[in-house]
Amino acid sequence: MSTVGKPITCQAAVAYEAAKPLVVEEIVVDPPKAHEVRIKIINTAVCHTDAYTLSGVDPEGLFPCVLGHEGSGIVESVGDNVTTVKPGDHVVALYTAECGKCKFCLSGKTNLCGSVRATQGKGVMPDGTPRFHNKKGEPLYHFMGCSTFSEYTVVADVSVVAIDPTAPLDSVCLLGCGVTTGYGAAIKTANVQKGDTVAVFGAGTVGLSVVQGAKSRGASKIIVVDINNDKKEWSAEFGATDFVNPSELPEGQDIVSKLVEMTDGGLDFTFDCTGNVNVMRDALEACHKGWGQSIIIGVAAAGKEISTRPFQLVTGRVWKGSAFGGIKGRSEMGGLIKDYQNGSLKVDEFITNRRPFVEINDAFEELHHGNCLRTVLSFK
Ligand code: NAD
Ligand code: AHE
Ligand code: ZN
């Protein structure tokens with residue numbers, strides 16, 4: 001029986017309250033309106049940002065909501081005026097939309113898109129209303145324009161990209177965030193060049209994807225900095241040349257002086273992939289005088305601010321940020337999928353755990369373990 005145009009009752013994980021486990025239950029997902037797409041999610045992974053928002057420190061965090069933004073699936077139906085995807089298409093959800101028409105998209109300077117970001121941050125669809133409610137009829141907020149922790153979700157047409165149907169959905173879901181973010185930060189935002197020296201703070205999926213981007217560009221030194229020694233082996237596997245645990249430095253030495261010493265004056269590029277504002281300062285100050293650039297990727301809690309002596313910038317160090325690796329999802333996802341398919345972009349290597357969707361709370365727990373990079377959940 002066709003579901004087109006009708007509400008669908010399906011399984012989802014609802015975040016009812018901050019810092020509480022998700023509740024796996026049946027919810028109702030309304031049909032897509034104009035310029036909207038209803039997706040049957042096949043796979044979703046858990047990113048650190050989902051845990052960050054669930055913890056209650058995200059200033060845009062709203063409850064109750066359906067989290068999740070690293071997902072892949074198949075289009076179930078489309079609303080009026082949707083021309084870019086059709087039922088049956090294999091897709092990846094995009095938390096960084098690409099409308100191709102707004103001031104941002106037309107600028108040629110950024111991958112940020114202005115078309116749906118305001119309503120996305122308010123947890124609703126572009127018309128200001130949600131498509132989710134629970135069985136009591138209570139509305140549930142959307143998250144990052146994706147809400148992939150539901151067997152069916154509704155997204156704006158600008159927030160989804162059709163992909164090669166031969167690409168395995170249970171791998172390419174990671175291109176919806178972690179892998180694309182780190183890889184893009186290295187090859188687009190920083191534009192690392194052959195011979196450059198690079199330090200990556202935080203060896204999760206994002207940091208290790210920076211490492212693989214830097215390696216692909218021929219960086220001469222790739223130093224991973226992580227407080228968890230379990231990350232040493234992972235770092236080497238993805239291409240790091242060195243690993244430093246800042247909590248194990250000899251008395252009197254800090255991580256900045258250690259890195260400056262290892263690189264004859266500082267790094268060409270550093271990346272924060274921790275979300276810790278003290279680490280962000282270290283990453284900036286470990287950059288080479290005159291030209292070193294530090295890229296902030298990590299997401300910090302409400303109220304946290306970065307600081308350094310302005311002298312650090314006066315003397316030529318540059319602080320930058322990167323969202324979704326500077327990648328334009330609808331224009332560039334196809335290329336990343338090809339890179340994955342031809343073996344030049346590692347994706348499967350990040351999948352350390354697989355679970356059925358109902359075990360989603362275990363996946364959140366695993367994210368904090370040194371031996372876990374990503375857990376891929378499956379609705380099958
Ligand atoms: P993760 O939790 O898998 O990895 C974080 C790593 O940082 C861990 O290995 C941990 O041991 C390490 N770490 C923590 N504190 C540290 C410290 N003080 N010094 C050194 N290492 C430290 O996370 P992830 O999924 O890879 O995400 C990393 C960060 O990037 C998070 O803040 C996440 O919210 C953010 N993020 C940003 C974007 C973006 O577009 N800007 C996209 C995805 C994720
Ligand atoms: N709501 C958060 C925003 C956090 C943030 O910076 N998010 C990243 C993506 S994290 C993906 O795992 C991002 O792309 N930011 C750009 C944007 O437009 O949100 C807060 O702190 O307010
Ligand atoms: Zn993410």
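Which residue has a polar side-chain atom 2.8 Å from an oxygen atom of ligand 1? Select K231 and you have the answer.

Before clicking further, some ground rules. This is a predicted model, where local features need pLDDT of at least 70, side-chain atom pairs count only at pLDDT 80 or more, and totals for chains, interfaces and linings use all residues. Residues are numbered from 1 along each chain as its sequence is written, chains are lettered from A and ligands numbered from 1 in the order in which they are written, and side-chain values use heavy atoms, with hydrogens and water left out.

**Stop 1: ligand 1**

On its own, ligand 1 has 860 Å² of accessible area, and the protein covers 87% of that (Shrake-Rupley method, 1.4 Å probe; for residues, only the protein chains shown count as cover).

**Stop 2: ligand 2**

Move to ligand 2, which has 13 residues around it; T49, Y52, D58, E60 and R117 are the closest.

- Y52: an N or O atom lies 3.0 Å from an oxygen atom of ligand 2.
- E60: an N or O atom lies 2.7 Å from a nitrogen atom of ligand 2.
- R117: an N or O atom lies 2.7 Å from an oxygen atom of ligand 2.

The protein covers 72% of the 530 Å² of accessible area that ligand 2 has on its own.

**Stop 3: the two domains**

Colour 8–176 + 346–378 as domain 1 and 182–323 as domain 2; these bounds come from an automatic or database domain assignment. Their C-alpha centres lie 29 Å apart. In the contact (heavy atoms within 4.5 Å), select 15 residues from domain 1 and 17 residues from domain 2.

Together the domains bury about 1,400 Å², 62% of it on carbon and sulfur atoms; buried area is the accessible area (1.4 Å probe) that two parts lose on being put together, summed over both. Finish on K346, F350 and L373, which supply 38% of the area that domain 1 buries against domain 2, more than any other three residues.

Definitions and conventions: Near = heavy atom within 4 Å. Polar contact = N/O pair within 3.5 Å; in protein donor to acceptor, adjacent residues only side chain to side chain.
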